Amino acid sequence: MAITITIANEKGGVGKTTTAVNLAAGLALRLINRAGAASRVLLVDMDPQGHALLATAFDRSQQRHPASLASLLTETPPPSAQRLIQKSEHHPNLFYIPSDHSEMIHAARELPSLMANETRLQRALASVQSDYAYIIIDTPPTTGDLLINALVAANLVIVPVETSYLGVSGLIELQRTIEQVQTHFRPDLKILGYLPTLCEEQRVEAQEILAELQQRYKKLILPPIHKASDLAYAHSSHMDVFSYRPPRVRTSENIASSSRATHEYADLVETVMQKTQPKP
Ligand SMILES: Nc1ncnc2c1ncn2[C@@H]1O[C@H](COP(=O)(O)OP(=O)(O)OP(=O)(O)O)[C@@H](O)[C@H]1O
Ligand SMILES: [Mg+2]
């Protein structure tokens, strides 16, 4: 059964999509030599925002997909999830379910009036759970049914937190949403960690906020991701940073290059693997 990790924060522009894409790609690189389902990673794009990277990240042809995630969420009976899955251009063992901007906006409007509207993604993914080691879900910067579906479908949540005062103050609402999901649907849902993002070393403010986060969330604070032009350029080139800045020689053990951003996301990948793989 796949370990499903949702990347969530209701605040916009905090690095959710960047984290989802690079975590999924990094996991795929680390697992490439494993057999069958143990090597495969699925990325699910729940973000109806136009600049959600995933829909185009791996599909340069920009053709419209015959069906997207929205139909999984709203149609009764839903189409087979298997049929929606596309293959990444950069990694043979990375797959994704694209979303379409206008269809997802429509789905978000329609969902509240549909029966069992909170569990639709969970049920749709149930049929592909055994085909993947990890399923990573990117979410929109809003509360509502799309976020709730993504949380109900998950075992674990990673919360990217922009290291600014505003970034920290918005977390209470997300925690309430997670508690609601735990109470009503998933008592086993856990926060894997808070990921400080867009850190700027030279700013005193960022240091103070990191210290505050560490005091508040202790062991749940993941190693931070600094602001890096490689991440912004990779994003605008519709690539993950490991493909954008590849090392000269890559092994499944060592996926980082000379780019610091690849080291930082590789550290996140290691932490996620350590926290989720059964101990030998
Ligand atoms: N560590 C980083 N260094 C530099 N740029 C970054 C970093 N993380 C994200 N960005 C850039 O910041 C912008 C917002 O990032 P991203 O799209 O990942 O955030 P998001 O939380 O998914 O946003 P939204 O809530 O709108 O979906 C993007 O242009 C991205 O390239
Ligand atoms: Mg996003």
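Me: Which residue in β5 stands opposite isoleucine 5?
Reply: In this predicted model, strand β1 (residues 3-7) and strand β5 (residues 134-138) pair in the parallel sense, over five bridges. Within β5, the residue that stands opposite isoleucine 5 is isoleucine 136.

Me: Which strands stand at the edges of the open sheet?
Reply: The open sheet has seven strands with mixed pairing, in the order β3-β4-β2-β5-β1-β6-β7. Two of these strands have a single partner strand each, so one side of each is left without a neighbour in the sheet. The strands at the edges are therefore β3 (86-87) and β7 (190-197).

Me: Is β7 largely enclosed by the rest of the structure or largely open, and how many of its eight residues are buried?
Reply: Although β7 stands at an edge of the sheet with a single partner strand, burial has to be judged from its surroundings as a whole, and by that criterion β7 is largely enclosed by the rest of the structure. The number of buried residues, out of eight, is six.

Me: What is the bridge partner of valine 161 in β7?
Reply: Strand β6 (residues 156-162) and β7 pair in the parallel sense, and seven bridges join them. For valine 161, the bridge partner in β7 is proline 196.

Me: Why is leucine 147 counted as buried?
Reply: Leucine 147 is found in helix α7 (residues 145-152), a helix that is mostly covered, with eight of its eight residues buried. Leaving out residues up to four places away in sequence, leucine 147 touches Ala8, Thr139, Pro140, Thr142 and Thr177. A residue counts as buried when 20 or more other C-beta atoms lie within 10 Å of its own. Leucine 147 is therefore buried, because the number of other C-beta atoms within 10 Å is 24.

Me: Which residues touch the most other members of the largest nonpolar core?
Reply: In soluble globular proteins, nonpolar side chains tend to be buried together. Here the largest nonpolar core has 82 residues, and its largest share, nine residues, comes from α1. One of its members, leucine 151, is in contact with Thr6, Ala8, Val157, Thr177, Ile178, Val181 and Leu189, when neighbours within four places in sequence are left aside. The members that touch the most others are Ala24, Val41, Ile136, Ala150 and Leu151.

Me: Within what arc do the buried residues of α11 fall, seen down its axis?
Reply: The buried residues in α11 are Leu231, Ala234 and His235. Seen down the axis of α11, they line one face of the helix, because the arc within which they fall is 100°.

Me: Which helices do the buried residues of α11 pack against?
Reply: The face of α11 turned away from its buried side carries the exposed residues Ser229 and Ser236, and just after the helix histidine 238 takes a positive phi of about 55°. The buried residues of α11, by contrast, pack against α1, α12 (241-244) and α13 (260-276).

Me: Which residues come nearest to ligand 1?
Reply: The shell around ligand 1 has seven nonpolar, eight polar and three charged residues. Both α1 (16-31) and α11 (229-236) supply at least two residues of this shell. Of the 18 residues around the ligand, those that come nearest are Lys16, Thr17, Thr18, Pro141 and His235.

How values were computed: Residues are numbered from 1 along each chain as its sequence is written. Chains are lettered from A and ligands numbered from 1 in the order in which they are written. This is a predicted model: local features need pLDDT of at least 70, side-chain atom pairs count only at pLDDT 80 or more; totals for chains, interfaces and linings use all residues. A residue is near a molecule or strand if its C-beta atom, placed from the backbone, lies within 6 Å of it. Helices (H or I, at least four residues) and strands (E, at least two) are DSSP runs, numbered from the N terminus. Ala, Val, Leu, Ile, Met, Phe, Trp, Tyr, Cys and Pro count as nonpolar, Asp, Glu, Lys and Arg as charged, and the others, Gly among them, as polar. A residue is buried if 20 or more other C-beta atoms lie within 10 Å of its own, exposed if 12 or fewer, and partly exposed in between; C-beta atoms are placed from the backbone. Two residues are in contact if their C-beta atoms, placed from the backbone, lie within 7 Å. Two strands pair if DSSP finds at least two bridges between them. The arc is that of the directions from the helix axis to the C-beta atoms. A nonpolar core is a set of buried Ala, Val, Leu, Ile, Met, Phe, Trp, Tyr and Cys residues joined through C-beta atoms within 7 Å.
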